Amino acid sequence: MSKPNKHESKHESKRGSKRCVEAQCLPILQHKATLTKLVKDNVFLVVTGETGSGKTTQLPQYLFEAGLWKGGIIGITQPRRVAAITVAQRVSQEMHFTLGKEVGYQVRFDDCTSQATVVKYMTDGCLLREILADPGLSQYSVVILDEAHERSLNTDILLGLLKKTLLQADKGSKDGSVRQRVVVMSATLETDKLSTFLGHCPVFTIPGRTFPVTSRFGNAIGPKEVDSSRYVNEVVRVALDVHVSEVAGDILVFLTGQSEIEKACDMLYEKAESIDYRYDVQDQTVEGLLILPLYGSMPTDQQRQIFQAPPSGIRKCVVATNIAATSLTINGIKYIVDSGFVKQLNHNSRVGMDILEVVPISKSEAQQRAGRAGRTSAGKCFRIYSNEFWEKCMLDYTVPEIQRASLTSVVLTLKCLGVHDVIRFPYLDHPEERLLLEALKQLYQFDAIDRRGQVTQLGRLIMEFPLHPGLTRALLKAASYGCEEILLPLAAMLSVENIFIRPGHPEKQKEADKKHRNLAAQSGGMNDFATLLSVFQWCKASDSPSAWCKENWIHWRALKSAFSIETQLREILLRLQQKKDFPVETFTGNKSELFRRCLCTGYFTNVARRSIGKIFSTMDGHGTAVHVHPSSSLFDQEAELDWVIFHDMMVTSRVYLRTVCPIRYDWVKDLLPKLHEVDAYELSNIAREEVNEEELAKLESKEAKRQKEGLDEDTA
Ligand code: ADP
Ligand code: MG
């Protein structure tokens, strides 16, 4: 009986040839000529088709073959970084190119392209940043906005921006020839809306073949329960049940994130061990279970295994996040086990911040998940939630990110691009005005825009960094004191996923907890930001960083990314520091104070003060009652605290502060009034007024003069 090891890797050598055959029977192939011509002839084109029909991997290749690359790069955006990387790898193989040469990818903090790159997969965030440097995207002959149905914030903004620029350029073109094109690809049929938005552009639908999928509700999750351990246990139970009682065919399980997925895989692995294939399993051709996790921050060599066919007799069981719903298609899936939940970044109005939350998926999302079982034959979908849950807890459609997340970075980007009236920007779906106002207000608080809604010098500096504006501001403050050494590593550490390993086993958990507490104590204690900084420095200085991580229960992979991110941030900073108007200040005082004071300049929006006992109250006007999270080194030390700043919050039945450090009221005293100083309407009204360029120039020179004279805006 063969029970493959879960890290086993197979069929490496056969891959190339097999895949090319696969590509030849994808539904898109028959439409190669038509699609190529449509792209050539139109400024805008919408392409739709079932997931797995070959849009993402094939269309760019067709355009390459048609020679479109001669006029510039063929760029394809993806909302998710893993998708950008995986697909680029796949396409470079299909085309027999080395990854990073003709075919490459670029995601935040990881650029795998070169001068030779003509087919470039990237995240939508990367393209948005490129537009800042080159509003016309002059390097590109075609921009493909992929996965538009996901309605990611960045893709939505790109849609609006490209509509604005290209429609204008098209009107201006005399000979009617098309120089630049935009293709919008979507898996769902919301295409009329897209086409109308893009000036009634043509829509091409790739006819798909799908097989029926029967869906069945369970009864483990009803409208009341939303406990992660409950649905993790249940998906494991159902997946094993499918394995023993259903005929051959692979299983795809949907969960919400890395820790759940790892937990489920461990449980599955353990339980699959005890299956007796002679008696327990219905289908006698099934001889083993291959369990594979799939989530965003997973190493890519492990991801590759997901796509390979399992050895004969072995059933593959992939436990994935929502990434497997549309971005990545795994062949051979016949069974879906759906937890009914997804992790989503939502603006939480209770606490006034963006928070990653586990929420029920929408009905359309559930249908999309189920559909993954019917690509090659009839399939089955096992929903662990009840029909009542479906009726009462699940929305019909997923709310686009632009209508639920903070727009701070986006508004700053738009402003830097000269879009002053962010309220009347052409959005595919208009975000709530409240969210736009909040973004304007936050930018004003960070001094990234001034009272007239214009981007300040600081705002332009902030824009240079692919980080949250507050964190960037803290970094720039430290740099102005010449102390970037302390903030650069910290910013890098805050940009990677959780660095602390949390083993599933209770004994090991104790051991890990102890190590983590030691690290915190050695770094001075009572400051989670300082702990992150110290971990970075100690690990970097050790003889064998990977061994050091292992010893201390730290994710080595996360640290490795932090090292690389720090280098990249340093490069950006060095470039900016060479400009002569880079701010310079002096500071007298000790290093710990300097560190925390710099943090205050970026985190004064996240200040809390202890009220009674262990309860803190936020100072942003919401006055939310919050607690220090047990993972913080300040936990159980609350009595000694008065004022704190924090990096983020976690909302369960309580609101918890994670990554916390104590501060003195003095340090934020002058900053806090800024939180309430200006009415967001004031900022937006100015933006709404038609901007008269001449007036603006006059105002700007006045403003400059005023700043030089050091006068207060109000008294001048
Ligand atoms: P669409 O974009 O229309 O959803 P794709 O182009 O992503 O379709 O997928 C087409 C085919 O390519 C699918 O059969 C999928 O399994 C396969 N495929 C995509 N990426 C990989 C990969 N990294 N390894 C192996 N097969 C892949
Ligand atoms: Mg795709």
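Predicted model: local features only at pLDDT ≥ 70, side-chain atom pairs only at ≥ 80, totals over all residues.
Figure 1. Pro 135 counts as partly exposed because 14 C-beta neighbours lie inside 10 Å, a count between the limits of 12 or fewer for exposed and 20 or more for buried residues. The residue is placed in the loop that connects helix H5 (124-133) with strand S6 (140-145). When residues up to four places away in sequence are not counted, Pro 135 touches Thr 165 and Leu 417. Between the C-alpha atoms of Pro 135 and Val 91 the distance is 28 Å, with a separation of 44 residues in sequence.

**Figure 2. The largest nonpolar core of the protein.** This core comprises 188 residues, and those with the most contacts inside it are Val 235, Ala 239, Val 253, Ala 264 and Val 319. Helix H8 (residues 228-245) supplies the largest share of the core, eight residues. In soluble globular proteins, nonpolar side chains tend to be buried together.

**Figure 3. Contacts of Ala 264.** With neighbours within four places in sequence left aside, Ala 264 is in contact with Val 232, Val 235, Val 236, Val 253, Leu 255 and Val 319. Among these partners, Val 235, Val 253 and Val 319 are also listed with Ala 264 among the core residues with the most contacts.

**Figure 4. The overall setting of the close-up views.** The protein contains 26 helices and 21 strands. Its radius of gyration is 27 Å, close to the 27 Å given by the globule rule for 716 residues, so the protein is as compact as a globular protein of that length. Buried residues account for 43% of the 716 residues. Of the contacts between residues at least 6 apart in sequence, 73% join residues at least 24 apart.

Note on methods. Residues numbered from 1 in each chain as written. Chains lettered and ligands numbered in written order. Helix = DSSP H or I, 4+ residues; strand = E, 2+ residues; numbered from the N terminus. Rg over C-alpha atoms; globule rule 2.2 N^0.38 Å. Contact = placed C-beta atoms within 7 Å. Core = buried A, V, L, I, M, F, W, Y, C linked by C-beta atoms within 7 Å.
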